[in-house]
Amino acid sequence: MRHALVFGSTGQIGEPLLVRLRHEGWRVTAVSRTRHRDEPGLTWLQGDFDAMPELPAHVDAVISSGPLDAFSHWYARAAIESPRVVAFGSTSVRVKQHSIDPDERDLAQRLQLAEDRVATTAGERAAAYTLLRPTLVYGAARDATLSRIARTAHRLRLFPLPRRATGLRQPVHVDDLARAAVDCIGTDAAHDRAFDLPGGETLAYRVMVRRVLRVLQPPAQLIELPLPVFELALRVAQSRGIATGFGDAAVERMRRDLVFDVAPAREAFGYAPRAFAPTAAMFPRREA
């Protein structure tokens with residue numbers, strides 16, 4: 001039985017990843033900061049990258065679905081033997097490289113350094129690496145974009161956008177990412193490469209948001225405002241603790257196309273993500 005060591009196991013990608021691995025017959029050792037009960041084929045270890053428990057000396061694959069920066073530093077100093085390493089990063093490594101926000105530029109730089117660190121370490125150990133870069137993740141009610149929109153819409157019963165928020169997006173479901181991580185492990189064509197993982201549909205930002213608002217319970221209304229009016233409304237909302245996280249850089253990107261090519265991942269390991277068909281269960285529930 002193949003044995004995988006998994007980090008980020010309780011995250012939005014990690015949870016479906018554990019399900020997929022076990023369904024495919026893998027024995028899994030998962031690391032978490034909190035205590036969990038073992039299950040058939042699944043062993044939990046309590047710890048983190050700064051206080052790692054005793055790990056297996058050898059596994060068939062190491063998979064990280066958590067923060068790439070922290071994982072890359074651990075992997076560079078770890079003594080574990082594994083012929084395969086698969087790690088999730090983000091398309092932010094490219095999208096935010098020239099952001100107007102210095103924190104976002106710093107994030108892109110750290111992601112690039114982390115990718116390089118994983119690739120270098122794998123090469124030194126004669127291991128094959130695969131780096132996976134999702135686009136806009138959704139599906140587990142824990143993402144940083146669409147779930148944030150849903151929470152704001154629940155509070156306001158509407159969601160404002162600036163006019164011409166028509167930049168193209170490719171939201172990707174967490175289950176499709178979990179499948180990609182497992183499918184790429186045994187495929188030679190995925191060795192020593194990085195892949196963008198967009199969703200199966202390309203649509204305008206405003207269309208994406210409208211689909212989310214329509215499935216909320218109760219549904220919310222999309223309001224499109226002139227940019228100066230939107231910016232004023234955003235500042236007022238943020239002063240009241242609403243719509244936090246929508247900075248100037250995020251607003252600027254609403255009008256830019258962020259489109260990535262699915263073909264390399266499809267050709268390498270059969271990646272076939274679903275179209276964007278959200279349901280209410282994919283987003284946070286309305287607060288009482």
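**An aromatic pair and the strand beside it**

In this predicted model, Phe-71 and Tyr-75 both belong to helix 2 (residues 68–77), where four residues, about one turn of the helix, separate them. A pair of aromatic rings can be described by the distance of the centres and the angle of the planes. The model holds 10 aromatic pairs. Among them is the pair of Phe-71 and Tyr-75, which is stacked, with 5.7 Å from centre to centre and 10° between the planes.

How accessible are these two residues? Phe-71 has a relative accessibility of 0%, so Phe-71 counts as buried. Tyr-75 has a relative accessible area of 3% and is therefore buried as well; the cut-off for this is 20%. The face of Tyr-75 also has a charged neighbour, as Arg-125 lies over it at 4.8 Å from the ring centre. Ring pairs join Phe-71 and Tyr-75 with Phe-7, Phe-49 and Trp-74 in a cluster.

Phe-7 leads on to strand 1. This strand (residues 3–7) is mostly covered, with five of its five residues buried. In a regular strand, side chains alternate between the two faces of the sheet. Here His-3, Leu-5 and Phe-7 point one way, while Ala-4 and Val-6 point the other way, and all are buried.

Strand 1 has partners in two strands, strand 2 and strand 4. Strand 2 (residues 27–32) runs parallel to strand 1 and is joined to it by four bridges, with Arg-27 as the bridge partner of His-3. Together with helix 1 (residues 14–23), strands 1 and 2 make a right-handed β-α-β unit. Strand 4 (residues 61–64) is also parallel to strand 1, again through four bridges, and its Ser-64 stands opposite Phe-7.

Notes. Residues numbered from 1 in each chain as written. Predicted model: local features only at pLDDT ≥ 70, side-chain atom pairs only at ≥ 80, totals over all residues. Heavy atoms only, no water. Phe/Tyr/Trp six-rings, centres within 6.5 Å; stacked < 30°, edge-to-face > 60°. Buried < 20%, exposed > 50% of the residue type's maximum accessible area, 1.4 Å probe, protein only. Lys NZ or Arg CZ within 6 Å of the ring centre and 35° of its normal. Pairing = 2+ DSSP bridges. Right-handed = clockwise from strand over helix to strand, strands pointing away.
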